[in-house]
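Have a look at the model first, then read along.

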Amino acid sequence: EVIEDDKISQQSTELILSLPREKGWRTPYVYLFQGFWCQPHEIQAIITFQKHFQAKDSDVLVATVPKSGTTWLKALTFATVSRHNFSSFNKNHPLLNFNPHDLVPFFEYTVYDKHDKVPDLSNMHEPRLFGTHVPFASLSKSIKESNCKVIYICRNPFDTFISSWFFANKIKPGSLPTLALDEAFEMYCKGVVGFGPFWTHMLGYWKESIEKPNKVLFLMYEDLKGDINFHLKRVAEFLGCPFTLEEENRGVIENIIKLCSFQKMKELEVNKSGTFGRNFENKFLFRKGEIGDWVNYLSPSMAQKLTKVMEDKLGGSGLTF
Ligand code: A3P
């Protein structure tokens with residue numbers, strides 16, 4: 001395969017072509033870069049990010065496994081951190097007019113998507129909010145060394161798999177055939193999925209959150225669904241901007257929860273008809289937003305297989321779903 005893409009430098013192309021590769025979910029190939037699988041343009045952007053990003057102590061990074069609640073957590077984080085500039089009661093709140101991925105940009109899809117045009121981020125309004133799917137081990141050195149905060153979310157691998165499979169088939173180029181569920185499942189269990197293996201991704205942030213609880217807050221989609229009020233308060237405390245009793249009494253917490261809810265966000269015009277750059281339509285980010293939808297798609301033997309993978313890879317870590 002020749003990588004023809006003006007977003008990738010000659011040097012990166014040579015590196016990418018030397019990496020192990022497998023068939024991708026929505027690209028001809030994915031490559032094993034620094035121990036995780038990704039697409040060529042992601043590798044280029046991550047190289048640029050690692051080389052150039054200078055973290056500030058006030059930065060907030062929303063780090064996630066793809067299809068684990070990234071959009072939701074970005075919305076919650078943005079609304080919480082910026083609530084003194086943008087009241088959630090405001091009829092013109094940015095979240096009503098922009099998709100969360102535009103307000104909390106990904107390093108690998110937005111900030112560093114042009115290797116020959118590295119942005120100057122030093123004058124960005126603080127605290128700066130960024131998003132990423134990059135595993136902890138591959139975050140830029142300055143993120144690990146500074147006092148910036150990382151909020152991480154992952155999700156039950158069964159539901160993450162189903163969500164990823166639907167999404168990949170929605171946004172893949174028309175030139176590629178539909179990816180069959182069985183085939184995607186085998187790839188997922190082998191670890192071949194964007195930014196996977198999923199277990200390495202989770203364990204990297206999990207360990208860091210245990211060693212440095214003030215640096216990394218580890219969240220799960222299911223916990224947020226179960227008690228969003230409690231977890232939103234945790235997020236605010238972790239970020240050093242706890243909700244006051246007065247705010248709580250005024251309904252600020254409940255209002256942020258409503259503003260960021262699946263139903264509310266899904267019905268916004270920007271999320272019904274907008275697009276994420278040239279990549280995909282925002283509406284594909286809002287499918288069902290439920291726990292346990294996987295039972296409608298996976299056979300008992302598939303469920304058994306993934307359970308075994310999870311036992312093998314996550315057993316003993318303390319991380320359970
Ligand atoms: P489903 O495909 O199971 O419906 P990500 O944002 O990381 O891409 O994750 C997408 C998943 O989160 C999708 O799951 C999507 O429906 C769900 N989701 C999106 N916005 C949400 C919200 N505001 N609240 C809860 N879930 C949400």
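The questions below go through the ligand, a pair of helices and a few spots in the loops.

User: Before we start, what kind of model is this?
Analyst: Residues are numbered from 1 along each chain as its sequence is written, and side-chain values use heavy atoms, with hydrogens and water left out. Local features need pLDDT of at least 70, side-chain atom pairs count only at pLDDT 80 or more, and totals for chains, interfaces and linings use all residues, since this model is predicted.

User: Which residues come nearest to the ligand?
Analyst: Being near here means that a heavy atom of the residue lies within 4 Å of the molecule. There are 18 residues around the ligand, and the ones that come nearest are Thr 70, Thr 71, Ser 163, Lys 288 and Gly 289.

User: How far is the polar side-chain atom of Thr 71 from an oxygen atom of the ligand?
Analyst: Let's look at polar contacts, meaning pairs of N or O atoms within 3.5 Å; within protein, one must be able to donate a hydrogen and the other to accept it, and residues adjacent in sequence count only if both atoms are side-chain atoms. Ser 68 uses a backbone N or O atom, 3.1 Å from a ligand oxygen. For the polar side-chain atom of Thr 71, the distance to a ligand oxygen is 2.5 Å.

User: How much of the ligand does the protein bury?
Analyst: A polar backbone atom of Phe 262 sits 3.3 Å from a nitrogen atom of the ligand. Accessible areas come from the Shrake-Rupley method with a 1.4 Å probe, and for residues only the protein chains shown count as cover. Taken alone, the ligand exposes 570 Å², and the share of this that the protein buries is 97%.

User: Which element gives the largest share of the shell around the ligand?
Analyst: Helices (H or I, at least four residues) and strands (E, at least two) are DSSP runs, numbered from the N terminus. Two or more shell residues come from helix 3 (70-81) and also from helix 15 (262-267). The largest share, 3 residues, belongs to helix 3.

User: How are helix 12 and helix 14 arranged, roughly parallel or roughly perpendicular?
Analyst: Axes are lines fitted to C-alpha atoms, for helices over the stretch in contact, with angles from 0 to 180 degrees between N-to-C directions. The axes of helix 12 (residues 228-238) and helix 14 (residues 252-259) come within 10 Å and cross at roughly 105°. Under 35 degrees counts as roughly parallel, over 145 as roughly antiparallel, 65 to 115 as roughly perpendicular and the rest as oblique. So helix 12 and helix 14 are roughly perpendicular.

User: Where is Pro 197 found?
Analyst: The peptide bond from Gly 196 to Pro 197 is cis, with omega near 10°. As for its place, Pro 197 is in the loop between helix 9 (181-190) and helix 10 (198-211).

User: Where does Lys 67 lie?
Analyst: Lys 67 isn't a glycine, yet its phi is positive, near 65°. Its place is the loop between strand 4 (60-64) and helix 3.
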